[in-house]
Amino acid sequence: MAPGLIERILTAADLDGVLEIESESFNNPTTREWYERELERPEVCFIYVLRMPAVRVAAFCAFWRVADQAHINNLAVRPELRGRGLGSQMLEAIIIEAQGLGAESLTLEVRRSNIAAQRLYLRAGFGESGVRKNYYTQPVEDALVLAKSLRF
């Protein structure tokens with residue numbers, strides 16, 4: 001599949017596409033209100049979308065950058081487009097962006113049962129740095145904390 005265009009969103013115009021992917025991807029999706037509040041903090045919260053010619057929002061990633069650390073809150077691809085490298089393309093762009101913002105590390109949590117996501121992150125050089133017991137709800141499940149050094 002041809003690579004898509006990745007761009008940062010700064011307004012609520014693309015939130016419908018982000019929220020569609022959220023509801024199709026997560027048991028406990030993040031709310032519109034959360035995203036709208038985050039868009040009001042552009043110095044901390046960064047939301048990127050991947051656009052395809054026929055799909056306005058094919059994937060998205062929301063991350064925070066605080067001081068020298070970046071933290072991925074959510075990264076997801078439309079279910080019908082998974083397995084085509086779009087998640088890897090999005091993650092690679094986010095790693096480059098976080099480095100450009102001065103982050104020295106990038107972290108995230110992932111469900112212990114989400115093997116596909118773990119593979120994506122491990123292939124990108126993340127390693128397990130901890131476990132958050134009972135972190136997720138619906139169902140209750142541990143989170144693996146993954147981290148990647150971004151130092152050159």
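These are my notebook entries on a few spots I looked up in this predicted model.

**Ground rules.** I work from a predicted model, where local features need pLDDT of at least 70, side-chain atom pairs count only at pLDDT 80 or more, and totals for chains, interfaces and linings use all residues. Residues are numbered from 1 along each chain as its sequence is written, and side-chain values use heavy atoms, with hydrogens and water left out.

**Helix 1 and helix 2.** I began with helix 1 (residues 15-25) and helix 2 (residues 32-39), whose axes come within 11 Å and cross at roughly 135 degrees. Helices (H or I, at least four residues) and strands (E, at least two) are DSSP runs numbered from the N terminus. Axes are lines fitted to C-alpha atoms, for helices over the stretch in contact, and angles run from 0 to 180 degrees between N-to-C directions. Helix 1 and helix 2 are therefore oblique to each other; under 35 degrees would count as roughly parallel, over 145 as roughly antiparallel, 65 to 115 as roughly perpendicular, and the rest is oblique.

I then listed who meets whom (contact means heavy atoms within 4.5 Å). From helix 1, Leu15, Asp16, Val18, Leu19 and Glu22 meet Arg32, Tyr35, Glu36 and Leu39 of helix 2.

**What covers helix 1.** I found Leu15, Gly17, Val18, Leu19, Ile21 and Glu22 buried in helix 1. Buried means under 20% relative accessible area, exposed over 50%, and partly exposed in between (1.4 Å probe, protein chains only). The cover over these buried residues includes strand 1 (5-9), helix 2, strand 2 (45-52), strand 3 (55-66) and strand 4 (69-77).

**Thr30.** Next I went to the loop between helix 1 and helix 2, where Thr30 is found. Leaving aside neighbours within four places in sequence, Thr30 is in contact with Leu19, Glu22, Tyr35 and Asn74.

**Gln118.** I looked up Gln118 in helix 4 (residues 115-123) and noted that it counts as buried, at 13% relative accessibility. Not counting residues up to four places away in sequence, Gln118 touches Val110, Arg111, Arg112, Ser113 and Leu144.

I checked Ala67, in the loop between strand 3 and strand 4; Ala67 is not a glycine, yet has a positive phi of about 55 degrees. Ala67 is exposed, at 58% relative accessible area. Asn134 sits in strand 6 and, also without being a glycine, has a positive phi of about 50 degrees. Asn134 counts as exposed at 53% relative accessibility. Last, I noted a cis peptide bond between Gln138 and Pro139, with omega about -5 degrees. Pro139 belongs to the loop between strand 6 (127-136) and strand 7 (141-149).
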